[in-house]
Amino acid sequence: MIKKRGSIAHHEFLTNLKGAVSNGATFTDTHAHIHFSPLLDELPEVISRAADNGVNRIVTIGIDLADSKKAKAVSDKYENVFFSVGVHPHDSSNFTLAQLSEFDKLLADPKAIAIGEIGLDYFRDHSPHDKQKEVFLTFLDMAITHNKPVVIHNRDAGKDCIEVMDSMIKGRENNGIIHCYDGDRDVLRWALDKGFYISYAGPLTYSKTDDLKDTLKYVPIDRIFIETDCPYLTPTPFRGKTNEPANVVYTANQICHLINCNLTELAVQLENNYTRLFRL
Ligand SMILES: [Zn+2]
């Protein structure tokens, strides 16, 4: 476990990472918002720091129509940046059906690899639950029409999330990702059963997240994803700083520590999972 920047454990990890990367290990930050400020203002540096850590692919995630367009613009500029389009539950009040044709246009881009982030958030409750569910259903329908995986945001709404998704995805494979998985056991059981991937973010590296860490023993290695959700959720030992894709390796390291595998093996497995889900 790396608790402090510059500690012996941190140095050991950096040496280990360097070795893995020079042996060809690569990582994907499967959920970033690099088109958000302040990352957008220093993108070349952000992308080069990611490459230094072997993070050679980034998926930047849209949260509403205007924002999904910004995600596409960044993906247009950088070959190794892909994007998703969607409406975050916080922003569902601003969604209108008139926007659908614009989303369809964005999805014509081959680098638009997923629909999301979409889902339900009853913790912050920025939009009424009925509106959140309605928008969630609309985008699940879009995912089925366009045959794309979904990126699911769930906060304190596991039961309703399952109910809404169950009504839509019957028998579908390659369903998508439970983004920033929070440790909800019912969601985990359901998601694994339905062929979802479970994505772990920075909180896996925090102290006092033993329940979340414990869930790793139930998730087969071929169903794990890693992400930063940057600029938020900075992993230890960089908490307090702006998060960025380079830091996804700290979540990878924590997984290695918890399931007892080496970084190169994990990297190969995670990249395979990415390729399988997105049929690349
Ligand atoms: Zn996000």
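Select Asn262 at the start of helix α10, where, in this predicted model, a side-chain oxygen of Asn262 comes to within 2.9 Å of the backbone nitrogen of Thr264. Now colour Leu263, Leu266, Ala267, Leu270, Glu271, Asn273, Tyr274 and Leu277, which are the buried residues in α10. Because they cover an arc of only 155° around the axis, they lie on the same side of α10. Beyond the helix comes Arg279, which has a positive phi, near 50°.

Move on to helix α7, residues 185–193. At its start, a side-chain oxygen of Asp184 reaches to within 2.9 Å of the backbone nitrogen of Asp186. Within α7, Val187, Leu188, Trp190, Ala191 and Leu192 are buried, and the elements that cover them include β5 (150–155), α6 (158–166), β6 (176–178) and β7 (197–200). After α7, select Gly195, where phi is positive, near 80°.

Finally, centre the view on the zinc ion, which is coordinated at 2.1 to 2.3 Å by His31 (NE2), His33 (NE2), Glu117 (OE) and Asp229 (OD). The arrangement is irregular, because the four donor atoms subtend angles of 86 to 175° around the zinc ion. His33 lies in the loop between β1 (27–32) and α2 (43–52), while Glu117 lies in strand β4 (residues 112–121), so the pair ties together parts that are 84 residues apart in sequence. Both are buried: His33 has a relative accessible area of 1%, and Glu117 one of 2%.

Technical notes. Residues are numbered from 1 along each chain as its sequence is written. This is a predicted model: local features need pLDDT of at least 70, side-chain atom pairs count only at pLDDT 80 or more; totals for chains, interfaces and linings use all residues. Side-chain values use heavy atoms; hydrogens and water are left out. Buried means under 20% relative accessible area, exposed over 50%, partly exposed in between (1.4 Å probe, protein chains only). Helices (H or I, at least four residues) and strands (E, at least two) are DSSP runs, numbered from the N terminus. The arc is that of the directions from the helix axis to the C-beta atoms. A polar contact is a pair of N or O atoms within 3.5 Å; within protein, one must be able to donate a hydrogen and the other to accept it, and residues adjacent in sequence count only if both atoms are side-chain atoms. Contact means heavy atoms within 4.5 Å. Donors are N, O and S atoms within 2.8 Å of the metal (3.2 Å for Na, K and Ca); water is not among the atoms, so sites may look incomplete. Four donors count as tetrahedral if all angles lie between 85 and 135 degrees; four count as square planar and six as octahedral if opposite donors are over 155 degrees apart and all others between 65 and 115; anything else is irregular.
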